Amino acid sequence: MIKEHYYWLDWMKAIGMYFIVAGHLEPVGLEYIYVFSVPLFFCISGFLAKKEINSTVFWQKIWNNLILPCILISAIMHGFDIMLDVVHGVFSPWLIPYRIFNSLLGVHGLNTEAGGLGLCWFIYTLVICKIFYQYTCDKKYLNWFLVLFSICVALYYNMQSETIYNSILNVSLAYPFYLLGGGCKVLYDRFQNFLKNVSIAGCWAILASSIIVVFVVGRINGAPWMFEAHYGKNIILFFIGGISGTVSIFMFSFLMNSFQTTVVDIISRGTIVILGFQLILIQLYYHVPKGWLGAIDDYFAAFIILLLFVPIILFTERFFPVILGSRVLHRHEEFTHNNK
């Protein structure tokens, strides 16, 4: 079975992860980043998804590639939080089982007491999306029902005043993008042929147009806090912005496809490490004097943080590949034409 490696996917993952890190630094223009940064990764995950004929194989992959890494990353980050609690003199032993219980329920509170999954909420949500896709991807009407049901849940929840930090609820906004990515996989060959007939200037025009849409949506709709299942002011604008942002990153990555760099390759296959541990470096960054670059301080810092993860990813591949879901054995998930 011949597998084709798409270098534009490496670029998409690397660029997407840069904006994830930048978003967590809360820079100027944050609302525009959140328009597309999280939807982008669910689209990519959907594009890479495929139905496993054998359910046992499916659950083995889910465990090895997502659940076990999520458990390990969460445990390490809980240890980091506990260490900070001890340093600040606020450690309480009863918080440990409380955090573990919250994690099992998909809670990812933003404060120490709530504990839970933290940034690993994405992995928890992704597991649910993959389960849905595995058992419904060949059932067209059931898929449409799940999408409509997800949208209804999101609409109802956003009318409530209370915010619930739960990975299960976040599926309501994540699964439509995941399924969209799966649909793009089916149409990819046609789209690729279309782009081959478009001039470089035309590709840049598509890129520029999609970026403009992102800025317009961000301006009107505000920041969609997808980690708490909020889509901003309007759910239609939320989907338009997420799709436009994904298109813009794809177009730029497609234009960069011929530029194959080791750094981009390493970052793309270590996104789960960056996702799980970036808060440690971000916490350190908060203690660094800022202001010398003005408004772009945080954007430059995000770039440096991304580069600092290159040796960390290589170290993890070498000594703790289990955190990467043993992806080091086959580079990373690759799209296979024969498994459409």
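**View 1. Helix α8 and the second largest pocket.** α8 (167–196) gives the most to the lining of the second largest pocket, with 13 residues. This is a predicted model, where local features need pLDDT of at least 70 and side-chain atom pairs count only at pLDDT 80 or more, while totals for chains, interfaces and linings use all residues. Residues are numbered from 1 along each chain as its sequence is written, and side-chain values use heavy atoms, leaving out hydrogens and water.

In total, 37 residues line the second largest pocket, with L179, L180, G181, G183 and C184 nearest its centre. Besides α8, the elements that give two or more residues to this lining are α1 (7–24), α3 (37–48), α7 (140–158) and α10 (235–255). A pocket here is an open set of points on a 1 Å grid over the protein atoms alone, where a 1.4 Å probe fits, with protein on both sides within 12 Å along at least five of seven lines; lining residues have an atom within 4 Å of a point. Helices are DSSP runs (H or I, at least four residues), numbered from the N terminus.

The lining splits into 26 nonpolar, 6 polar and 5 charged residues. For the classes, Ala, Val, Leu, Ile, Met, Phe, Trp, Tyr, Cys and Pro count as nonpolar, Asp, Glu, Lys and Arg as charged, and the others, Gly among them, as polar.

**View 2. Where α1 meets α11.** α1 packs against α11 (residues 262–269) at an angle of about 70°, with their axes 8 Å apart. The two helices are therefore roughly perpendicular (65 to 115 degrees). Axes are lines fitted to C-alpha atoms over the stretch in contact, and angles run from 0 to 180 degrees between N-to-C directions. D10, W11, K13 and A14 of α1 make the contact with V264, D265, I267 and S268 of α11 (contact means heavy atoms within 4.5 Å).

**View 3. Y231 in its loop.** Look for Y231 in the loop between α9 (200–221) and α10. Y231 is buried, with a relative accessible area of 8% (buried means under 20%, exposed over 50%, with a 1.4 Å probe and protein chains only). Leaving aside neighbours within four places in sequence, Y231 touches A154, L155, N158, L173, N221, P224 and F238.

**View 4. Two residues with positive phi.** E26 isn't a glycine, yet has a positive phi of about 55°. E26 sits in the loop between α1 and α2 (30–34) and is exposed, at 59% relative accessible area. A229, also not a glycine, has a positive phi of about 60°. A229 is in the loop between α9 and α10 and counts as buried, at 0% relative accessibility.

Notes. Parallel < 35°, antiparallel > 145°, perpendicular 65-115°, else oblique.
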